[in-house]
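Hi there,

Here is the structure I promised to pass on. Please have a look at it first, and my notes follow below.

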Amino acid sequence: MKYINANKVLPEKLIVEIQKYVQGETLYIPKTKTAYLKWGTSSGGRRILDRRNDAIKNSFISGSSIQQLAEEYYLSTETIKRIVYSQKK
């Protein structure tokens with residue numbers, strides 16, 4: 001979390017109003033709900049996992065066993081089951 005001096009970004013009128021509630025303290029102002037991104041969206045991590053999971057599902061449909069997939073992808077059998085039996089596409 002980056003610290004920004006309120007005097008540099010907020011109008012003086014707003015600072016005076018905020019000072020009625022808090023002075024000389026660090027104040028966290030959260031993002032709006034619509035500004036949040038899902039995990040991995042900006043880094044591309046989500047896309048990589050989605051591709052891996054699709055490959056796992058396709059291999060399972062083609063006849064690979066849960067155990068084979070767990071060994072191939074270095075995942076637990078429970079994780080492979082969660083991937084292949086999920087309805088998300």
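Let me begin with one residue. Asp54 counts as partly exposed, because its relative accessibility is 29% (buried means under 20% relative accessible area, exposed over 50%, and partly exposed in between, with a 1.4 Å probe and protein chains only). Asp54 sits in helix α3, which covers residues 45–61. Between Asp54 and Lys38 there are 19 Å from C-alpha to C-alpha, for a separation of 16 residues in sequence.

A word on the source: this is a predicted model, in which local features need pLDDT of at least 70 and side-chain atom pairs count only at pLDDT 80 or more, while totals for chains, interfaces and linings use all residues. Residues are numbered from 1 along each chain as its sequence is written, and side-chain values use heavy atoms, with hydrogens and water left out.

Now the overall picture. The protein chain has five helices and zero strands, in the order α-α-α-α-α along the sequence (helices are DSSP runs of H or I with at least four residues, strands are runs of E with at least two, and both are numbered from the N terminus). The chain is more spread out than a compact globule, because its radius of gyration is 24 Å, well over the 12 Å that the globule rule gives for 89 residues (taken over C-alpha atoms; the rule is 2.2 Å times the number of residues to the power 0.38). Along the principal axes, the C-alpha atoms fill a box of roughly 70 × 20 × 20 Å. Of the 89 residues, 15% count as buried.

There is a nonpolar core to look at, too. The largest one has seven residues: Ile56, Ile66, Leu69, Ala70, Ile80, Ile83 and Val84. Helices α4 (66–73) and α5 (77–85) each supply at least two residues of this core. Such a core is a set of buried Ala, Val, Leu, Ile, Met, Phe, Trp, Tyr and Cys residues joined through side-chain atoms within 4.5 Å. Setting aside neighbours within four places in sequence, Leu69 is in contact with Ile56, Ser59, Phe60, Ser64, Ile80 and Val84 (contact means heavy atoms within 4.5 Å).

Finally, Tyr74 lies in the loop between α4 and α5. Tyr74 counts as exposed, because its relative accessibility is 75%. The phi of Tyr74 is near 55°, a positive value in a residue other than glycine. Most residues other than glycine have a negative phi.

Best wishes
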